[in-house]
Amino acid sequence: MRAFKYAASIVGLSSIIGCTIGKHNHQFCGEDCLSLNRPQACGPTQIRPSEVCSVPCITEGVPEMYSPLSIDENVLTSANFQMLSLEDCVKMALSSSTIMRDLGGTVLRAPNAAISRAEPALAYTNPLIGEEAALSAFDANFFASNIFEHNDRGLNNQFFGTAGQFRQDLNTTQVGVSKRSATGGLMSVRNVTIYDRNNQLSNRFPFDSSETYAEAELRHPLLQGAGTKFNRIAGPGATPGQLNGILLARVRTDISLIEFEQSVRDLVAEVENAYWDLYYAYRDLEAKVDVRDIAEETLRLQDPNSTPQGKIAQAEEQLYRFQADIVDSLNGRPLDATRTNNGSTAGTFRGFGGLRFSERRLRLIVGMPINDGTIIRPIDAPFAGAVNYDWADCQSDALSRRTELRRQKWVIKQSELELQANRNFLKPQLDVISRYRQRGFGENLTGQDSATASLWDNQYQEWQLGLEYNLPVGLRRAHAAIQNSRLRLAREAEILKEQERYVLFGLSNAVAESKRSYDCLGLQKKRLDAIVVQLNAIQAKGDQGEKAELDVRLETHRRLLDARLRYHQCEVEYALSLRNVNLEKGTLLQYCNVALTEAMAERDAYIDANERMQRFDNSKSPAVRDNIIATSARN
């Protein structure tokens, strides 16, 4: 009783010490801090950020030397331009994006939704539902134990121990291996050795004895849980609702691969969005600068003596308006510019953010410093040729290649596998159990273990064979699991149907948009040419001394600016429409020459593949060629 009190005191003291240490480590206060009447009971009342644990792989952000105010209109020269093509931007984005970036700020708003390069590997190595976790259920398991016991008992029987006082030193050692088979069976092999020293008067050996036996055991299901198919889907020891076989784990990995491919596709689309936004921003700024210069020249040519002050004020107002437009066009505003899922899956053109804002968006998406003293200038121009699409081919590509549909098909496959596995739980559990044991027994002599020596003389042999049956009455959980799997499968199939409708809806919009934007591009080009002809005619009249009304010239300037902007807008809209058609078809990565691979092969593999290709290509002359394989029939 006294020892029990001491033990209780020690436990209580350790609990108090443990709580105190926890409070100091985490800087938590007691319940008094919750009282509004004692605000200073536990120190300052303001919120204090806790220190972040130091992680070697985490580094502090490097501040940039340049500010966004370091560049203005005067430094927009070729010396400060960094010329980049669309292909260069895609390469930079794919090579620098460990986290798949987007222009919507997902990494800040919902960091858990951001997708990284490691997503497929994370799914594969998930210790709960990954492929390695599923395969580990079939790994061999080595086990060993060595237990010592000292027993001291008083018994109400004179025949036990010595006059009812039984004392014993017991040591049990066990070593073995167990292995789960693909068909659901559990095989075990073990060796057990028992050393026993006690004061039992009726012992065969006066001091101590030893017993050892080698045992092989097999437990194999015949109904529920039996079969390679079930164990590969559900895994050994599965229960309804808890399935984790290698086939299901592989499906989860395939789903993560498709999600990664979709994130790469969206990243490429975002790079194009930012690139063409910046292209339009340059055209927008150039058009406004040109019109501003024309307005300045027009105002300069006005004679203040012959021109009414109201007309001059009207020309000045338009000049100031153009100058203000230049300020907005150069610096931009943080508007919702072109990005994915803003009207269409790949993005609908909204490039009205301005040059500097659009340039920073492009830097953000490709992984460049946000400010580095230079300005990116696109060198690619939008494609302006006519493209005609075959609707049947577009539909076929979209329904077979779109990542969203491929992912949903894997989800349906997962539901089908779960339904197949859950049907197995309607069977009763009937296991066959077999065991064979060979024993050895003898006195533990000095320098010799007679038990081990007699283990293999086949003197003591035992075996066991039997059946074990178990059937839950009603199988309520199994029936619920099957019904749930059927409902889930039906739901996923209906989702696929609706997804296909939305894919065709988006594809129809993209194809129609390509036709509309191309037609508008041609019309806006004609409109721009007509306004240029009109402006040249007005200029020619002025050179001949016949000046046009100031209102007419100012209106022509405004229409010239609008026509140029609408023309460049149609340029970008047509380029994005072609991109959108390929995204809706599921061929955007091929369209942008982007290929995905799960892992890079060894260098020797590429050399071997190149040699094999050369052997089948008679147009090449490698140093060594197998004449039998490489010679064509016509030779």
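Visitor: Which residues does N171 touch, not counting residues up to four places away in sequence?
Guide: In this predicted model, N171 lies in strand β3, which covers residues 165–180. Leaving aside residues up to four places away in sequence, the residues that N171 touches are N146, I147, F148, T193, I194 and Y195.

Visitor: Does N171 count as buried or exposed?
Guide: The cut-off for buried is under 20% relative accessible area, while exposed requires over 50%. The relative accessibility of N171 is 13%, and therefore N171 counts as buried.

Visitor: With which side chain does the side chain of N171 make a polar contact?
Guide: N146 is one of the residues that N171 touches, and strand β2, residues 141–154, is joined to β3 by bridges. The polar contact runs from side chain to side chain at 2.7 Å, and the partner of N171 in this contact is N146.

Visitor: How many bridges join strand β2 to β3?
Guide: The two strands run antiparallel, with β2 made up of residues 141–154. The number of bridges that join β2 to β3 is 14.

Visitor: How many bridges join β3 to strand β4?
Guide: Strand β4 consists of residues 186–198, and β3 and β4 run antiparallel. Among the residue pairs, L170 stands opposite D196 in β4, and R180 stands opposite L186. The number of bridges that join β3 to β4 is 13.

Visitor: What is the phi of G184 in the turn between β3 and β4?
Guide: The two strands form a hairpin, with five residues between them, and G184 is in the turn. The phi of G184 is positive, with a value of about 105 degrees.

Visitor: In β5, which residue is the bridge partner of R197?
Guide: Strand β4 is joined to strand β5, residues 208–221, by 12 bridges, and these strands run antiparallel. Within this pairing, the bridge partner of R197 in β5 is D208.

Visitor: Does L465 count as buried or exposed?
Guide: L465 has its place in strand β9, residues 460–470, and, not counting residues up to four places away in sequence, L465 touches V432, I433 and S434. The cut-off for exposed is over 50% relative accessible area. The relative accessibility of L465 is 60%, and therefore L465 counts as exposed.

Visitor: How far apart in space are L465 and R219, C-alpha to C-alpha?
Guide: In sequence, L465 and R219 are 246 residues apart. In space, their C-alpha to C-alpha distance is 10.0 Å.

Visitor: Which element gives the largest share of the lining of the largest pocket?
Guide: About 1000 Å³ of space lies in the largest pocket, which is lined by 37 residues, with L94, V264, V594, A595 and L596 nearest its centre. The elements that give two or more residues to this lining are α2 (86–96), α4 (119–124), α7 (246–300), α11 (403–423) and α14 (550–585). The largest share, 11 residues, comes from α7.

Visitor: How many residues in the lining of the largest pocket are nonpolar?
Guide: Divided by class, this lining has four polar and nine charged residues. The remaining class in the division is nonpolar, and its count is 24.

Visitor: Which element gives the largest share of the lining of the largest cavity?
Guide: The search of the whole structure finds two cavities of 30 Å³ or more, and the largest cavity has a volume of about 60 Å³. Its lining consists of E261, R265, R401, R402, T403, L583, G586, T587, L588, L589 and Q590, and the elements that give two or more residues to it are α7 and α15 (588–591). By class, the lining residues divide into three nonpolar, four polar and four charged. The largest share, three residues, comes from α15.

Visitor: What percentage of the residues of the chain count as buried?
Guide: The chain has 17 helices and nine strands, and residues 24 or more positions apart account for 75% of its contacts with a separation of 6 or more. Of the 635 residues of the chain, the share that counts as buried is 37%.

Technical notes
Residues are numbered from 1 along each chain as its sequence is written. This is a predicted model: local features need pLDDT of at least 70, side-chain atom pairs count only at pLDDT 80 or more; totals for chains, interfaces and linings use all residues. Side-chain values use heavy atoms; hydrogens and water are left out. Helices (H or I, at least four residues) and strands (E, at least two) are DSSP runs, numbered from the N terminus. Buried means under 20% relative accessible area, exposed over 50%, partly exposed in between (1.4 Å probe, protein chains only). A polar contact is a pair of N or O atoms within 3.5 Å; within protein, one must be able to donate a hydrogen and the other to accept it, and residues adjacent in sequence count only if both atoms are side-chain atoms. Contact means heavy atoms within 4.5 Å. On a 1 Å grid over the protein atoms alone, a cavity is a set of points where a 1.4 Å probe fits but cannot get out, and a pocket is an open set with protein on both sides within 12 Å along at least five of seven lines; lining residues have an atom within 4 Å of a point. Grid points are joined across faces, edges and corners, and a volume is the space filled by probe spheres set on the points. Ala, Val, Leu, Ile, Met, Phe, Trp, Tyr, Cys and Pro count as nonpolar, Asp, Glu, Lys and Arg as charged, and the others, Gly among them, as polar. Two strands pair if DSSP finds at least two bridges between them.
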